[in-house]
Amino acid sequence: MSSRIAVLGLGYVGCVSAACLARLGYRVTGVDRDEFKVRSVNEGCAPFYEPGLEEIVRDTVARGRFDAAISLAEGMADADVAFICVGTPSEKNGSLGLEQLRRVVGEIEALLPHRDKPLLLVVRSTVFPGTCEEHIIRPLRRFPGIRVVANPEFLREGSAIADFMEPSLLVAGSDDAAAAECVAALYRPLNVPPCIVSLRAAEMIKYACNAFHAMKIAFANEIGTVCESLEMDAAEVMSALCEDRKLNISPAYLKPGFAFGGSCLPKDLRALAHRASRLDLKLPLLEATLPSNQEHLHRAIDLLLDLPARRLGVLGLAFKENTDDLRESPVVALLEQLIGKGREVRVFDPHIQLDAIYGSNRNFILQQIPHIGRLLDARLEDTLGWADHLVIAQKPDDGMRAQIESSGLPVRSLIGAALPDADGFLSRRR
Ligand SMILES: NC(=O)c1ccc[n+]([C@@H]2O[C@H](COP(=O)([O-])OP(=O)(O)OC[C@H]3O[C@@H](n4cnc5c(N)ncnc54)[C@H](O)[C@@H]3O)[C@@H](O)[C@H]2O)c1
C-alpha cells in the first residue's frame, strides 16, 4: 500500500480511523493538538476507551505503521492523503461549530506553499452541505493539486472498530469523480461497495442517516408508549413490524416525492393520535406526521402556482397509480387549491371514470369538487392537447410516458423523476 496517510484529530473518529487504516496496511500518522493523545498513541495505548482499540494501536505502533505528532507540518510531511477528523460540536444556538475545521484548514493552508506534491483531503467530520466548498475548497483553491472528498463516518462508539471494518455504508462524495474513486479505493480491503456521490450529497447523507436513526428510535418509543399504556407487549409488536422486509424494513416509502393520502394512512394516523390523547399520552412524532404531510402538499401547490402556466393538465387523480380510490387523495386537495386560485385545470387518470365509481369514493370526490366531471378527460391525448404544462401526480406507464414525451409539453413531476427530461418536485435532473 503506497498511500501515506495523515489523520488530523485523534478523537473517537480520528483515532479509530487512523488505527484501523494502519491495520489495513497503510502507513499512518495521527495529528492532534492534545499532547496526551499524541503521547498515548506513541506509547502504543488508546487515548480513550473503545473496545478493541488498545490492541490495534499497540500492534500497529509496534509494527511501525502508526505514530502520532503534535505538529501538523510534521504529521503531514510525507502524506498523500489527509483525513480531517476534527470535532464539529453544536453551538449554543444549535448550529454546527466549525471552529476546529476552520483552524485546521488554516494550518493546512499555511503548509501548502512549502509542499511539492498533490494532496487528497478527505473530510470525515460531519459537516453540513456546502461546508467543504465554502471552508475548504474556496480557501485552498489557489493551490494546484488539492482535491477534496467528503467521506462521512458512520461508526458508533462502543462498536467503532467493527463499524469501521464492516461499515454499514461507505460514501465518497466529490465533484471530482476520480478523487472520490481514489478514496473508495483506500477502503478496497474492506470489500464494501462504495456509494460514489456528489460532494454535497455526501455531506447531506450523514445528516439524513442520523436523522433517520433518531426518528426510528423515537418512532419505536412512541409505539411502545401506546402499547405500554394499553398493557401490551411493545417488543412483540415491533418485532413483528420488523419481519416485514417488503414495506417496513426496506426502501419502500423512502423516495422523496409527493404527499401521501388514500383511505388508510391519514385515517389511521388520526385514530392513533386521537386514542393517544384519550390515554393522556403525548406522541409528538406521530402527531406531527399529518401536519408534515400537509406542509408538503402546500409546497407542491406553491410550486405549481409559480409555474408560468395558464392551463395545467394533471396526470393522476387517485392517491397513487393503479387504483380508482379517490378518498383523501392529495391530488384532489391540490386541484381544489389550484382551481380556487383561478388556474384552469384538466385531469386524466386511466382508472377513473366518474360513472364507474360509487359509494364513499364517489361521495368524497363530488363533495370536494362537485364539477369534477367537467375537468376529467377520457384520453390522455385530450389533456396533452389542451394543456400548456403537464403535472405528473402518479407514475405513468410506458405508453403514457411516450405520449407525454412526444407532446413536447413542459412537465413537472410531483413524484420524483418520472421522465428523464422532467424536473421532479424534489429530484433534479443531473
Ligand atoms: N463520535 C462519534 O461517534 C462520531 C461518529 C461519526 C461521526 N462523528 C463526527 O466526526 C467528527 C469528530 O468527532 P469525534 O467524536 O472524533 O470528536 P472529538 O472531539 O472526540 O475529536 C476531535 C479531535 O480533534 C482534535 N483537533 C481539533 N482541532 C485540531 C487541530 N487544529 N489540529 C489537530 N487536532 C485537532 C481535538 O483535539 C480532538 O482530539 C465530528 O464531526 C463528529 O460529528 C463522530
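## Contacts around Val 28

Two residues are in contact when they have heavy atoms within 4.5 Å of each other. Setting aside neighbours within four places in sequence, Val 28 touches Ile 5, Val 7, Ala 18, Leu 21, Ala 22, Arg 65, Phe 66 and Asp 67 in this sense.

This is a predicted model, where local features need pLDDT of at least 70, side-chain atom pairs count only at pLDDT 80 or more, and totals for chains, interfaces and linings use all residues. Residues are numbered from 1 along each chain as its sequence is written, and side-chain values use heavy atoms, with hydrogens and water left out.

## Two nonpolar cores

A nonpolar core is a set of buried Ala, Val, Leu, Ile, Met, Phe, Trp, Tyr and Cys residues joined through side-chain atoms within 4.5 Å. Buried means under 20% relative accessible area, exposed over 50%, and partly exposed in between (1.4 Å probe, protein chains only).

The largest core has 41 residues, and Val 28, Leu 53, Phe 66 and Phe 83 have the most contacts inside it. Helix 1 (residues 12-23) supplies the largest share, seven residues; helices here are DSSP runs of H or I with at least four residues, strands are E runs of at least two, and both are numbered from the N terminus. A second, separate core of 33 residues includes Val 332, Ile 357, Phe 364 and Ile 365.

## An aromatic pair

Rings of Phe, Tyr and Trp (its six-membered ring) pair if their centres lie within 6.5 Å; planes under 30 degrees apart are stacked, over 60 edge-to-face, and the rest tilted. There are three such aromatic pairs. The rings of Tyr 12 and Phe 48 have centres 4.2 Å apart and planes at 40°, so this pair is tilted.
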